[in-house]
Amino acid sequence: MKWVNKGHEFDTYAEKWVENFNIRGNQFYIFGAGLIGREIRDVLEKTNHFSGFIDNDKKKQSLGMNGAEVISLQTYINRGKNGLIIIAADIRNIPVISEQLTCEGLEEGKDFYEHVKFMRDIFPILSVYANNQLYLELAQICLTERCTLKCKKCAHACYAVDFRSQDMNIEMAKKSVDYFFTYVDIIREFVLIGGEPLLYRDLETMLEYIGENYRQKIVAFTITTNGTIMPEQSVLKLCRKYGVTIRISNYSSTIKYLEKKYIQLQRKLEENQVMYTIEPKETRWMDYGFETVDRNNKEDELLQVFDKCKTPCREIRENRLYYCVMARSVSDNLELGLGKEDYLDLSKLTKEDKKIILEFHRGFSEKGYLDMCNHCNGADAIDYPIPAAEQEG
């Protein structure tokens, strides 16, 4: 999307939402004291807007949830419906809870919202307009483009990177988080990625630096690994100290020896009390077409490709905030020289420009697309399935 009114693109929406928010006492209740609800609570508590849980489970009402009150819907009604309700349930249960709320005279979009739309579309705007607090869902630092695998059609084109290549130097990595958290008050997930981030020689330094200076602004602090490297004991100690979660990609359907690696890795993480998740086995990837697609720089088509894509993958590199980490890394790793200006320069902004950062995060820019959109299948990549993690050679 092209900027039309930079810094004011959300003014109309924000006025309505802020008014509704203020009328209801600036507080949120989460309907559903399960995993989704607990994750949303972590965000809302950082903005001092969490009032409690609503749940139909009488046991949860009796025991509470990690020190928080859990009330019935009827109790909420009896208290005067003072607040906004966020439905925190899986897709199967949302319609059931919506009907329950509607039967009590509550209106969707005014009295209650389902969690995905609210946390993705409404809360970030509400937060920055009502409290001047910038909330983003996801951002990453690519510490190294080197990888232990050589996956065909890697979305970052890491297969083209020489193993002796230089990683991001530690001063640049520190400046990246400094620039980012100068403006960002809360982020749902902050990720250290690669390549393979466990190859990064200064990983311990970065974990300590982020953990010591910015952990309070991060809900989920994570490292994404392909599981081929066993973390050093010193890294595990810091992960435990700063509540870092290790996210393990699962390529064992294609690379059979990884099954034993994952078992060994999980055992070590559990022994060291480090949080981790292991993804379901990946059998199919998408071919983004970076080396074959050419849209001949047709602006209308590029605008459509970008607007349809909606990738969540932001990347911070020193003062440069990139909308799409894949676009930046593929251009660099394949030496395409594209998108050299396709970023938001944080060094030219002030703390009064948080709305501009939010707009960029939501897809606004001067051109309205990225140069790499000219060589990408975008959202249509789903129509071009390829084997997951198939190795070169």
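User: How do S2 and S3 pair, and over how many bridges?
Analyst: S2 and S3 run parallel, with 2 bridges between them. Keep in mind that this is a predicted model.
User: Which residue of S3 stands opposite Ile 54?
Analyst: Ile 71 in S3 does. Ile 54 itself belongs to S2, and Phe 31 also stands opposite Ile 54.
User: What about S1 and S2, how many bridges there?
Analyst: S1 and S2 are joined by 4 bridges and run parallel. Along with helix H2, residues 35-46, they make a β-α-β unit.
User: Which hand does that unit have?
Analyst: The unit of S1, H2 and S2 is right-handed.
User: OK, zoom out. What is the strand order in the sheet?
Analyst: The order is S3-S2-S1-S4-S5. Those 5 strands form an open sheet with parallel pairing.
User: Which strands sit at the edges?
Analyst: S3, at 70-71, and S5, at 112-114. Each of these edge strands pairs on one side only.
User: And what does S5 pair with?
Analyst: With S4, residues 84-87. The two are parallel and share 3 bridges. Across that pairing, Ile 86 stands opposite Tyr 113 in S5.
User: Which helix packs on the sheet there, and which strands does it touch?
Analyst: Helix H6, residues 115-131. H6 touches S1, S4 and S5, and its direction makes about 115° with that of S5.
User: Let's switch to aromatics. How many aromatic pairs are there?
Analyst: The structure holds 20 aromatic pairs. Take Phe 118 and Phe 123: their ring centres are 6.2 Å apart and their planes are at 40°, so this pair is tilted.
User: Why tilted rather than stacked or edge-to-face?
Analyst: Stacked needs planes under 30 degrees apart, and edge-to-face needs over 60. The Phe 118 and Phe 123 planes are at 40°, so they count as tilted.
User: Are those two buried or exposed?
Analyst: Phe 118 and Phe 123 are both buried.
User: Which charged residue lies over the face of Trp 3?
Analyst: Lys 6, at 4.4 Å from the ring centre. Elsewhere, Arg 314 lies over the face of Tyr 323, at 3.7 Å from the ring centre.
User: Now loops. Where is Ala 68?
Analyst: Ala 68 is in the loop between helix H3, at 58-63, and S3.
User: Why does Ala 68 count as buried?
Analyst: Because its relative accessible area is 10%, and buried means under 20%.
User: What does Ala 68 contact?
Analyst: Beyond neighbours within four places in sequence, Ala 68 is in contact with Arg 41, Phe 50 and Phe 53. The C-alpha atoms of Ala 68 and Ser 51 are separated by 8.4 Å, though the two residues are 17 residues apart along the chain.
User: Last one: where is Ser 249?
Analyst: Ser 249 is in the loop between strand S9, at 244-248, and helix H10, at 258-271.
User: Buried or exposed?
Analyst: Ser 249 is buried, with a relative accessible area of 11%.
User: And what does Ser 249 touch?
Analyst: Not counting residues up to four places away in sequence, Ser 249 touches Thr 224, Thr 225, Asn 226, Tyr 262, Glu 279 and Glu 282.

Conventions:
Residues numbered from 1 in each chain as written. Predicted model: local features only at pLDDT ≥ 70, side-chain atom pairs only at ≥ 80, totals over all residues. Heavy atoms only, no water. Phe/Tyr/Trp six-rings, centres within 6.5 Å; stacked < 30°, edge-to-face > 60°. Buried < 20%, exposed > 50% of the residue type's maximum accessible area, 1.4 Å probe, protein only. Lys NZ or Arg CZ within 6 Å of the ring centre and 35° of its normal. Pairing = 2+ DSSP bridges. Contact = heavy atoms within 4.5 Å. Axes fitted to C-alpha atoms, helices over the stretch in contact; angles between N-to-C directions. Right-handed = clockwise from strand over helix to strand, strands pointing away.
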